Amino acid sequence: MDNSIYYNYTKEERLRFSRRLPLLRTLFGITQEDLAAKLNVSRQTVSAMESSKILSNRDILSILAVAVIEIRSNNTSSAKLDYEIMMRILGDENDDLCNRLEEARISCGTTNGIGESRKRIIEAYKNYISAKA
């Protein structure tokens, strides 16, 4: 295996990624079922990934590939913002931003649908960035 393209995530990084996975899914407007189909796994496997029960380096790379495909297939003006938010979610070791975005996602509840959750995440992100400016 070519180690130059394979990153060995630490246990802490895998846990952080699994906690942030529902946020990423919602940002891209995809359900657990959608992600499972794209990864060719069961919905229960995606659920286990999100609850930190299982998440390998290969899983993370596959999920990131799906995220890039989702961004590239989105030809709207929001693609750049989606990418910016995704990079902040993945790269920000300070949980403040992710906690705020997660609160926005959860506050929407399950009855309003993933589209409304996505809108709230984007709104919360914009508010966070403007408050920091």
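Visitor: How many helices and how many strands does the protein chain have?
Guide: This is a predicted model, in which local features need pLDDT of at least 70 and side-chain atom pairs count only at pLDDT 80 or more, while totals for chains, interfaces and linings use all residues. Residues are numbered from 1 along each chain as its sequence is written, and side-chain values use heavy atoms, with hydrogens and water left out. Helices (H or I, at least four residues) and strands (E, at least two) are DSSP runs, numbered from the N terminus. Read along the sequence, the pattern is α-α-α-α-α-α-α, and the count for the protein chain is seven helices and zero strands.

Visitor: Which helix has the highest confidence, and which the lowest?
Guide: Confidence is given as pLDDT, the predictor's value for each residue from 0 to 100, and the protein chain averages 81, with 87% of the residues scoring at least 70. Over residues 1-5 pLDDT stays under 50. Among the helices, the highest mean is 90, in H3 (residues 43-50), and the lowest is 79, in H4 (residues 57-73).

Visitor: Are H4 and H5 roughly parallel or roughly antiparallel to each other?
Guide: The axes, which are lines fitted to C-alpha atoms (for helices over the stretch in contact, with angles from 0 to 180 degrees between N-to-C directions), come within 9 Å for H4 and H5 (residues 78-91) and cross at roughly 160°. Angles under 35 degrees count as roughly parallel, over 145 as roughly antiparallel, 65 to 115 as roughly perpendicular and the rest as oblique. H4 and H5 are therefore roughly antiparallel.

Visitor: Which residues of H5 are met by Leu64, Ala67 and Ile71 in H4?
Guide: Contact means heavy atoms within 4.5 Å. The residues of the contact of H4 with H5 divide into seven nonpolar, no polar and one charged, where Ala, Val, Leu, Ile, Met, Phe, Trp, Tyr, Cys and Pro count as nonpolar, Asp, Glu, Lys and Arg as charged, and the others, Gly among them, as polar. On the H5 side, the residues are Ala79, Asp82, Tyr83, Met86 and Leu90.

Visitor: Which residues touch the most other members of the largest nonpolar core?
Guide: A nonpolar core is a set of buried Ala, Val, Leu, Ile, Met, Phe, Trp, Tyr and Cys residues joined through side-chain atoms within 4.5 Å. In soluble globular proteins, nonpolar side chains tend to be buried together. Of the 33 residues in the largest core here, those touching the most other members are Leu27, Phe28, Ile85, Ile89 and Leu101.

Visitor: Is Thr26 buried or exposed?
Guide: Thr26 is found in helix H1 (residues 11-27) and touches Arg105, Ile114, Ser117, Arg118 and Ile121, not counting residues up to four places away in sequence. Buried means under 20% relative accessible area, exposed over 50% and partly exposed in between (1.4 Å probe, protein chains only). With a relative accessible area of 3%, Thr26 is buried.

Visitor: What is the relative accessible area of Arg100?
Guide: Arg100 lies in helix H6 and, leaving aside its neighbours within four places in sequence, is in contact with Ala124 and Tyr128. Arg100 counts as partly exposed, because its relative accessible area is 41%.

Visitor: How far apart in space are Pro22 and Val46, C-alpha to C-alpha?
Guide: Pro22 lies in helix H1 and counts as buried at 10% relative accessibility. Although Pro22 and Val46 are 24 residues apart in sequence, their C-alpha separation is 9.6 Å.
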